[in-house]
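Work through these exercises with the model open beside you. Try each task before you read its solution.

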Amino acid sequence: MTSTHVPDQARRARREPGEVFGSGFTLFADMLLVGVVTAVACLPVVTAPAALSAASAVLRRSAGSGVQVKVGDLSAELRARLTLATLAKGLVPPAFGVLFLLDERLLRSGLPGAAAMAPVLLLLALGAAAVGLRAVALDGPHRLSGREALARSLADPRGTALLAAAVVLAALLLWALPVLLPLLPGPLAFAATAVDLRDSAHRQDG
């Protein structure tokens, strides 16, 4: 009994090439690894959609196969997505952010109806963030398609609400503990991937 138990322990403790953590911490390790690597890849700003899309791809593959996320896989997916088209799409989030800040500043200036427009602006921002997360989780021919992401968001309001809640939670964590910023892309990519897999399963069953 001992002779079979010890090799099994050694097999579980042994790490494959490229693995950072042992198998007992797979989910926790994947979240940390994806979060940190994706945060670094997002630093140029315009690379954010490609980085989150790569994170979603490796998390999707890990969910399907049970294989732990590896740095090499994440880097390969990121390189495959760094094209002129994805970099151009990377201009959309900062442009939207600037527009949101300008609108928020106008509301603070005391314009008529500002009190009523403030919640509307917040809901629009949450909706845009949810659609953006949908887009980065798309795979295949619809990869990073804003039109497809919007269509799926409208067709699956429950999933959209879950993504909006994930954005709110991430914002609250960032406000309370700014030091968590490098780790937040991982959970957001995880949430986007989980909602997309759930939506795909529902559409196949239907």
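**Exercise 1. Which two side chains meet in a salt bridge of 2.8 Å, N to O?**

Solution. 
Step 1. Know the ground rules. The model is predicted: local features need pLDDT of at least 70, side-chain atom pairs count only at pLDDT 80 or more, and totals for chains, interfaces and linings use all residues. Residues are numbered from 1 along each chain as its sequence is written, and side-chain values use heavy atoms, with hydrogens and water left out.
Step 2. Apply the test. A salt bridge is a side-chain nitrogen of Lys or Arg within 4 Å of a carboxyl oxygen of Asp or Glu.
Step 3. Name the pair. Arg-134 and Asp-156 meet in a salt bridge, at 2.8 Å from N to O.
Step 4. Arg-134 is in helix H7 (residues 114-137), and Asp-156 is in the loop between helix H8 (146-155) and helix H9 (157-176), so the pair ties together parts 22 residues apart in sequence. Helices (H or I, at least four residues) and strands (E, at least two) are DSSP runs, numbered from the N terminus.
Step 5. Check the cover. Arg-134 and Asp-156 are both buried. Buried means under 20% relative accessible area, exposed over 50%, and partly exposed in between (1.4 Å probe, protein chains only).

**Exercise 2. Find how many salt bridges the whole structure has, then examine the pair Glu-77 and Arg-61.**

Solution. 
Step 1. Take the total. A search of the whole structure gives eight salt bridges.
Step 2. Take the distance. In the salt bridge of Glu-77 with Arg-61, the closest N and O atoms are 2.2 Å apart.
Step 3. Locate both ends. Glu-77 sits in helix H4 (residues 71-81) and Arg-61 in helix H3 (residues 48-65), so the pair links distant parts of the chain, 16 residues apart.
Step 4. Compare the cover. Glu-77 counts as buried at 15% relative accessibility, whereas Arg-61 is partly exposed at 41%.

**Exercise 3. Show which residues form a salt-bridge network with Arg-152.**

Solution. 
Step 1. Start with one pair. The side chains of Arg-152 and Glu-148 form a salt bridge at 2.8 Å, N to O.
Step 2. Look along the helix. Both residues lie in helix H8, four residues apart, about one turn of the helix.
Step 3. Arg-152 has a relative accessible area of 12% and is buried.
Step 4. Through shared partners, salt bridges join Arg-60, Glu-148, Arg-152 and Asp-196 into one network.

**Exercise 4. Describe the fold and its largest nonpolar core.**

Solution. 
Step 1. Count the elements. The protein chain has ten helices and zero strands.
Step 2. Of its 206 residues, 34% are buried.
Step 3. Size the core. The largest nonpolar core has 30 residues, and Val-34, Val-69, Leu-78, Leu-133 and Leu-163 have the most contacts inside it. Such a core is a set of buried Ala, Val, Leu, Ile, Met, Phe, Trp, Tyr and Cys residues joined through side-chain atoms within 4.5 Å.
Step 4. Trace the sources. Helix H2 (26-41), H3, H4, H7, H9 and helix H10 (185-205) are the elements that give two or more residues to this core. The largest share, eight residues, comes from H3.
Step 5. Zoom in on Leu-163. Not counting residues up to four places away in sequence, Leu-163 touches Ala-130, Leu-133, Arg-134, Ala-191, Ala-192 and Val-195. Contact here means heavy atoms within 4.5 Å.

**Exercise 5. Which loops hold Val-45 and Leu-144, and what is the phi of each?**

Solution. 
Step 1. Take Val-45. Val-45 lies in the loop between H2 and H3. Its phi is near 75°, a positive value in a residue other than glycine.
Step 2. At 42% relative accessibility, Val-45 is partly exposed.
Step 3. Take Leu-144. Leu-144 is found in the loop between H7 and H8. Its phi is also positive, about 60°, although Leu-144 is not a glycine.
Step 4. Leu-144 is buried, with a relative accessible area of 7%.
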